[in-house]
Amino acid sequence: MSSSAEAHVANGEKSPQFHVAHHFPTADIQFNSGKMGIWLFLVTEILLFGGMFCSFAIFRSWYLGGFVEAHHHLDRVMGGINTIVLICSSLTMALAVRAAQTTNKKAVTVLLGLTLAFAATFLVIKYFEYSHKFHDGLLPGIHFTATGFQEPREAGIFFAIYFMMTGIHGFHVLAGMGLITWILIRNLKGQFSSRYYAPVEGVGLYWHLVDLIWIYLFPLLYLVG
Amino acid sequence: MSQTATVDHVVAPDSGKGAVDYIRNGKGIVSWLTTIDHKRIGLMYLGSVVLAFLVGGLFALAVRLELLTPSRTIMSAAGYNQAYTLHGAVMVFLFIIPSIPASLGNFLIPIMVGAKDVAFPKLNLFSLYIFWIGALITLSSLVLGGIDTGWTFYVPYSSRVSTTAVVNVTLGAFIMGFSSILTGLNFIVTMHKLRAPGMSWYRMPLLCWALYATSLVQIVATPVLGITLLLLIFERAFQIGIFDPALGGDPVLFQHFFWFYSHPAVYIMILPGFGIISELIAVHSRRKVFGYKAIAFSSVAIALIGFLVWGHHMFVSGQSELAGTIFSFLTFIVAIPSGIKVFNWTSTLWGGSIKLDTPMLYALVFLILFTIGGLTGVFLGMLGVDLHLHDTYFVVAHFHYVMVGGTAVAFFGGLFHWWPKMTGKMYSEKGGAVSAILVFIGFNMTFFTQFFLGSRGMPRRYYNYLDQFQPLHAFSTVGSWVLGAGFALGIVTLLVSLKNGKQAPANPWGGLSLEWQTASPPITENFESTPVVTHGAYDYPLAQGQKEHA
């Protein structure tokens with residue numbers, strides 16, 4: 001990628017150069033290919049989580065009593081705050097994509113920074129939730145040591161699913177933060193403009209999916225009694 | 001801007017004129033390891049999967065040798081469990097799944113649709129590295145305790161009981177899954193976005209259609225295997241209780257998850273073979289494919305229906321009778337598009353100028369073996385019959401007819417067909433023909449006997465067996481040597497050609513699809529100029545006395 005961001009096009013507007021790879025006939029085809037690739041990748045993410053949603057549904061129908069009992073031990077306030085935090089991050093991400101499309105470099109920087117901050121807030125809250133669960137012995141399978149449960153074995157399975165789903169989701173948040181940092185740096189180098197913003201849009205799509213999965217996780221794990 | 005030319009006018013550049021071919025363009029191992037050229041990546045995959053095929057093949061020969069006598073022949077019972085598990089795991093995850101798509105597919109798809117490369121060349125190289133890393137982790141089990149669960153990793157044996165290196169193999173398979181997903185993603189986008197001017201969907205070679213369908217399955221099914229293996233690894237490492245019945249988990253859930261991937265994965269394995277056979281039969285009989293659209297859409301139909309039949313692996317698992325009945329019915333349905341293909345291939349041969357060279361011989365071997373494999377699959381899809389044959393050698397014979405007689409034979413046929421294109425060398429026809437015949441004879445000796453063994457009650461995966469089964473087992477073992485010799489001869493024939501082979505012309509078989517319209521081996525950019533396609537991949541002129549398909 002050329003770093004000659006100062007190059008000016010004929011109309012005087014700042015338009016950084018970008019690279020159309022040798023095997024793409026036009027920049028449009030390159031952009032559409034990238035977008036299609038991202039969407040196909042999101043399909044695989046949904047199926048990955050689909051397996052866990054499926055096991056949640058099965059075990060919840062088997063062990064309804066145990067699951068209801070166990071879910072009372074999740075912190076709805078923290079989970080609720082995290083939901084709001086992620087929804088806000090989706091908004092700032094969407095606005096960042098729009099800002100990139102309109103060649104507003106400064107706004108992109110601020111909005112991506114905000115998105116990163118929201119994502120970090122989410123993980124910090126998650127950390128407190130996890131340490132609370134660890135402290136109380138609310139852990140998967142044979143590690144479940146909390147007392148006072150009518151169905152400790154069923155609660156163990158609930159927490160197995162809880163930790164698998166929120167853990168893998170948390171890993172996706174972490175990966176998303178890495179990706180956002182990457183486009184943030186590229187934006188600071190002035191590589192995006194109304195003519196080239198594909199990476200911002202791609203990362204944005206991924207980030208919305210990560211949020212969307214949480215939107216399903218929160219009510220299923222925390223709220224449904 | 002790219003110049004345009006019709007396919008008929010794109011002449012193969014002579015060596016020396018124009019750009020240098022892709023093999024000579026860049027020297028040294030670093031230029032290969034950092035290449036983003038789909039052809040070089042395809043060749044590296046080819047080397048890797050052939051190596052895996054040899055490793056898996058050695059395990060197969062060891063298993064067959066052990067079964068020569070009813071009691072101990074060469075290894076202990078524990079060693080035997082490891083040998084057949086490693087045979088299965090290596091053959092499935094390191095050989096068959098990546099075999100045709102990642103090697104021949106990588107090499108051919110961009111050329112066949114008239115593109116310079118796949119849509120995401122760096123991702124393509126990344127996929128290869130993921131594959132290597134996953135393969136190494138899987139193979140690390142060889143020195144770290146082996147694995148004895150069977151390639152299906154059924155719980156709770158794999159999660160609690162087995163003391164072998166289950167985590168290495170499953171983690172390796174998990175990682176290789178990403179390679180499979182990303183390769184499929186790359187192919188789909190390539191076919192959607194990078195077709196050359198005039199290359200409509202219905203002008204694409206049928207291999208492209210087959211690999212498109214394969215890619216769909218890779219993208220949709222593989223993530224489910226990913227999460228299944230991840231849950232299994234956590235189950236084994238931390239006893240989290242999802243699959244282990246002792247902790248309240250559900251082992252049948254594991255089977256559902258596993259086969260939700262692994263049955264569609266069967267189509268990841270065989271669909272590319274279908275694609276190759278369509279090419280071989282059309283080109284080597286110089287005949288327009290009979291029922292192009294029927295073959296193209298039957299690939300897609302198999303990919304879609306293939307998602308709905310996984311329960312036929314679980315007729316005896318305790319799933320409900322209603323579920324069993326539905327899965328049985330759907331299994332019959334998925335046989336129909338495969339049948340459509342076989343009839344269309346046969347009709348293509350009808351009235352064609354058949355040349356019995358090596359690729360055609362392999363194609364004919366495929367037709368016979370796959371038909372047997374497919375039909376016996378229908379037997380097994382019947383609820384009542386399956387209760388008798390479940391987990392017997394009948395099943396072993398059935399899926400080897402499809403996987404070896406189908407996929408591996410198609411892979412070798414395709415390798416012989418495109419070898420001149422990939423390497424620029426012609427191989428010895430004699431060596432190729434003898435290898436095809438040896439494979440046919442050896443394969444049937446090895447596996448046709450196993451239909452008898454299975455229907456008489458010989459269970460699969462057993463170390464010892466009743467004395468009465470020994471003649472059939474011994475015959476099968478001798479067959480495995482013939483089969484091994486056939487495949488080995490095929491590989492040797494190809495390797496020898498690298499040194500002694502004559503320079504291949506651009507179009508040794510008179511094919512019409514785009515890969516034959518460029519040099520052998522092709523230049524890095526594939527074509528001197530972007531081709532403009534004016535006809536379908538199989539619009540052969542009628543020879544004297546030939547009739548158009550009715």
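Start at the boundary between the two chains of this predicted model: select the chain A residues that touch chain B, and you will have 28 residues of chain A in contact with 32 residues of chain B.

Keep that selection and colour the chain A side by element. Two elements of chain A, α1 (27-62) and α5 (152-188), each give two or more residues to the side that touches chain B. Select α1(A) next: 16 residues of this side come from α1(A), the largest share. The side of chain A that touches chain B has 14 nonpolar and 12 polar residues, along with two charged ones.

Chain B has 15 helices and two strands. With a radius of gyration of 23 Å, close to the 24 Å that the globule rule gives for 550 residues, chain B is as compact as a globular protein of that length.

Next, colour chain B by burial. Of its 550 residues, 59% are buried. Then draw the contacts within chain B that have a separation of 6 or more: 85% of these contacts join residues 24 or more positions apart.

Last, select residues 32-534 of chain B. An unreviewed UniProt entry places the feature "domain: Cytochrome oxidase subunit I profile" on this span. Helix makes up 70% of residues 32-534 of chain B and strand 0%. Pick the C-alpha atoms at the two ends of the span, and the distance between them is 35 Å.

Conventions:
Residues numbered from 1 in each chain as written. Chains lettered and ligands numbered in written order. Predicted model: local features only at pLDDT ≥ 70, side-chain atom pairs only at ≥ 80, totals over all residues. Contact = placed C-beta atoms within 7 Å. Helix = DSSP H or I, 4+ residues; strand = E, 2+ residues; numbered from the N terminus. Nonpolar A, V, L, I, M, F, W, Y, C, P; charged D, E, K, R; others polar. UniProt positions renumbered as here; feature names shortened; annotations may be inferred. Rg over C-alpha atoms; globule rule 2.2 N^0.38 Å. Buried ≥ 20, exposed ≤ 12 C-beta atoms within 10 Å, placed from the backbone.
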